[in-house]
Amino acid sequence: MSRICIYPKDVQVVTGKSERYGRTIINKIKEHLNKESHQLVTIDEFCDFMGFEISKVRGLIK
């Protein structure tokens with residue numbers, strides 16, 4: 001079973017940037033999707049926002 005949400009540490013692994021950058025990206029996605037602060041961002045939403053292939057991202061964050 002695989003998880004559906006993405007965390008700043010995962011964004012760091014995928015992009016090679018800092019964990020702080022990961023938090024910034026997740027907050028931008030939440031703003032873009034009009035999510036509330038308690039709602040999580042899914043891997044699919046992250047990939048759509050960043051333009052990444054879902055299969056490649058899932059392979060990196062398992």
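Ile25 is buried, because its relative accessible area is 5%, where buried means under 20% relative accessible area, exposed over 50% and partly exposed in between, with a 1.4 Å probe and protein chains only. Ile25 belongs to helix H2; helices here are DSSP runs of H or I with at least four residues, numbered from the N terminus. Before I continue, please note that this is a predicted model, in which local features need pLDDT of at least 70 and side-chain atom pairs count only at pLDDT 80 or more, while totals for chains, interfaces and linings use all residues. Residues are numbered from 1 along each chain as its sequence is written, and side-chain values use heavy atoms, with hydrogens and water left out.

Let me stay with Ile25. Not counting residues up to four places away in sequence, Ile25 touches Val11, Phe46 and Met50, a contact being heavy atoms within 4.5 Å. Val11 is 14 residues from Ile25 in sequence, and the two C-alpha atoms are 8.1 Å apart in space.

Which residues of H2 are buried? They are Gly22, Ile25, Ile26, Ile29 and Lys30. These residues cover an arc of only 140° around the axis, which puts them on the same side of H2; the arc is that of the directions from the helix axis to the C-beta atoms. An α-helix has 3.6 residues a turn, so residues three or four places apart point the same way. On the other side of H2, the exposed residues are Arg20, Glu31 and His32. The cover over the buried residues of H2 includes H1 and H3.

What follows H2? Just after this helix, Asn34 takes a positive phi of about 55°, and Asn34 is a residue other than glycine. Asn34 is located in the loop between H2 and H3. With a relative accessibility of 68%, Asn34 counts as exposed.

Now to H3, which comprises residues 43-50. The buried residues of this helix are Ile43, Phe46 and Cys47. Viewed down the axis of H3, they fall within an arc of 95°, so they line one face of the helix. Their cover includes helix H1 (8-15), helix H2 (19-32) and helix H4 (54-60). Met50 is also placed in H3, yet Met50 is partly exposed, with a relative accessible area of 24%. Leaving aside neighbours within four places in sequence, Met50 is in contact with Tyr21 and Ile25. Tyr7 is 43 residues from Met50 along the chain, and their C-alpha atoms are separated by 14 Å. After H3 comes Gly51, with a positive phi near 80°.

In H1, the buried residues are Pro8, Asp10, Val11 and Val14. Seen down the axis, they fall within an arc of 155°, so they line one face of the helix. The buried residues of H1 pack against H2, H3 and H4. Is Asp10 buried or exposed? Asp10 counts as buried, at 9% relative accessibility. Beyond four places in sequence, Asp10 touches Arg3, Cys5 and Ile61. Ile61 in turn is in contact with Arg3, Asp10, Val14 and Ile43, again leaving aside neighbours within four places in sequence. H1 is followed by Gly16, whose phi is positive, near 80°.

The largest nonpolar core has 12 residues, and among them are Val11, Ile25, Phe46 and Ile61. A nonpolar core is a set of buried Ala, Val, Leu, Ile, Met, Phe, Trp, Tyr and Cys residues joined through side-chain atoms within 4.5 Å. At least two residues of this core are supplied by each of H1, H2 and H3.

I close with the side chain of Tyr21. Lys17 lies over the face of Tyr21, at 5.7 Å from the ring centre; a charge sits over a ring if NZ of Lys or CZ of Arg is within 6 Å of the ring centre and within 35 degrees of the ring normal. Tyr21 is also one of the contacts of Met50.
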